[in-house]
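Here is a briefing on one protein model. Keep the sequence and the 3D view open as you read.

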Amino acid sequence: MTLKNSYCSNFCVFKIVCTISVIGLVSIFQFTNVYHKHYGMYHKQVDTTIKEEIDRDVQYSLPSSGTMTSVESALASDSAVPTNPVVIFSVLPKCGSRTLFALMGILGEKHGFDVKHTMGGDDETAEDKVKIIRQTLLSKNPAFIYTHRRYQAFGRERKPVYISIVRDPVERLASLYYFMRYGDNRTNVDLPAVQFRAKMDARNYSNDSFNDCVLNGNKMCRRVGSVVRQFCGYIGCTDSTATQAPIKKAIAHIDRSYHVVGIMEDYKSILRVLEKKIPQLFQGIVALYEEQKKEIVSNMRTKNKTKITPKVRNILKKELAEDYKLYNLIKEKFDISKKKLSIE
């Protein structure tokens with residue numbers, strides 16, 4: 001990995017080097033720099049080449065019925081993890097993902113596994129992102145891959161271990177809305193706040209409050225179906241292409257392919273579950289989180305967020321009914337997993 005477009009002051013670098021290794025630092029800085037740049041490209045349509053790749057992989061995606069029996073579901077969620085796993089962390093923005101990426105950067109350096117991401121900004125195509133994942137799966141090394149790509153069934157190389165995190169859909173949209181306009185506490189380090197705001201203005205990102213955005217009918221704060229699409233994937237997951245309810249495919253993918261899908265509101269429990277279920281990569285992550293959370297969490301806290309009014313919350317909860325249905329189901333499944341692992 002190379003470090004590009006770093007805006008960090010020498011003082012900031014010195015401060016962080018005191019707590020993490022140089023390699024872990026490079027990974028985090030590189031990721032943070034491209035993270036802001038990536039959002040403008042996040043919803044690009046998948047091009048023909050990648051659609052063909054997905055079509056070839058779709059045989060791994062769903063059983064012919066598109067549903068899972070209770071026995072199959074239990075086997076999928078509790079299946080054994082390989083000795084040298086490749087963990088694909090496929091997640092929507094603003095679900096605590098950068099915190100996990102930062103922690104894994106430190107653990108990867110400590111334990112000797114690869115930590116990669118598909119957040120290369122505007123210059124990284126959909127093919128590039130898939131190539132990173134495929135090349136990692138072809139290697140024999142354990143690895144952690146961070147991506148915002150939706151679910152895609154890989155398995156011809158070697159079967160990956162999928163994990164994810166979800167968040168209350170309305171809270172996530174509000175956090176994403178403000179992040180895209182004002183950044184977070186790292187903005188003052190990586191990109192001065194005034195410059196960041198200027199970039200957002202150039203993209204016509206208004207500085208209205210989230211409440212005003214919703215009440216004015218602005219589509220920028222209404223990303224309906226994001227949670228369902230994330231787990232449904234790319235085939236038959238929009239109104240124009242769906243042959244069965246996308247939420248059914250999303251549930252089947254979770255049951256069949258995901259080892260862990262946690263709830264951001266119970267973040268420490270996510271780490272505990274990961275440490276117990278996938279110790280090959282996550283051993284020591286709970287203790288590391290306790291050591292690092294004050295700095296990491298405070299740096300990545302979104303700026304200028306205001307409280308969501310009850311009226312706006314009710315409007316969005318109706319619009320996001322399918323997302324909430326899936327979110328609540330994931331929460332129930334996560335609570336069951338915690339009980340099985342004796343995590344309170």
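V224 is partly exposed, at 38% relative accessible area; partly exposed means between the limits for buried (under 20% relative accessible area) and exposed (over 50%), with a 1.4 Å probe and protein chains only. V224 sits in the loop between helix 10 (210-215) and helix 11 (226-232). Helices are DSSP runs of H or I with at least four residues, strands are runs of E with at least two, and both are numbered from the N terminus. This is a predicted model, in which local features need pLDDT of at least 70, side-chain atom pairs count only at pLDDT 80 or more, and totals for chains, interfaces and linings use all residues. Residues are numbered from 1 along each chain as its sequence is written, and side-chain values use heavy atoms, with hydrogens and water left out.

**Around V224**

- V224 is in contact with R229, E319, L320 and D323, leaving aside neighbours within four places in sequence. Contact means heavy atoms within 4.5 Å.
- P169 is 55 residues from V224 in sequence. Their C-alpha atoms are 9.2 Å apart in space.

**The chain as a whole**

- The protein chain has 17 helices and five strands.
- It has 344 residues, and 51% of them count as buried.
- Consider the contacts in the protein chain with a separation of 6 or more: residues 24 or more positions apart account for 79% of them.
- The chain exposes about 16,100 Å². Carbon and sulfur atoms supply 53% of that area. Accessible areas come from the Shrake-Rupley method with a 1.4 Å probe, and for residues only the protein chains shown count as cover.

**Disulfides and cysteines**

- How many disulfides does a search of the whole structure find? The search finds two. The criterion is a pair of cysteine sulfur atoms within 2.5 Å.
- A disulfide is a covalent bond between the sulfur atoms of two cysteines.
- C213 is buried, at 1% relative accessible area. C221 is buried too, at 1%.
- C232 and C237 form a disulfide as well, with sulfur atoms 1.9 Å apart. Here the S-S torsion is about -80°, so the disulfide is left-handed.
- Both C232 and C237 are buried.
- Number the bonded cysteines of the protein chain in sequence order, and the pairing reads 1-2, 3-4.
- C95 is also buried, at 1% relative accessibility.

**Helix 5 against helix 13**

- Helix 5 (residues 97-111) packs on helix 13 (residues 267-277) at an angle of about 40°. Their axes are 12 Å apart. Axes are lines fitted to C-alpha atoms, for helices over the stretch in contact, and angles run from 0 to 180 degrees between N-to-C directions.
- That angle makes helix 5 oblique to helix 13. Angles under 35 degrees count as roughly parallel, over 145 as roughly antiparallel, 65 to 115 as roughly perpendicular, and the rest as oblique.
- The crossing of helix 5 and helix 13 is right-handed. A crossing is right-handed if the near helix is turned clockwise from the far one by less than a right angle, and left-handed if anticlockwise.
- On the helix 5 side, T99, L100 and L103 take part. They meet Y267, L271 and L274 in helix 13.

**S269 in helix 13**

- S269 lies in helix 13. S269 is buried, at 2% relative accessibility.
- What does S269 touch, not counting residues up to four places away in sequence? S269 touches F334, K338, I343 and E344.
- K338 is 69 residues from S269 along the chain. The C-alpha atoms of the two are separated by 7.6 Å.

- Most residues other than glycine have a negative phi.
- K94 has a positive phi of about 65°, although K94 is not a glycine. K94 lies in the loop between strand 1 (86-90) and helix 5. K94 is buried, with a relative accessible area of 9%.
- S342 has a positive phi near 60°, and S342 is not a glycine. S342 is placed in the segment after helix 17 (321-340).
- Is S342 buried or exposed? S342 counts as exposed, at 63% relative accessibility.
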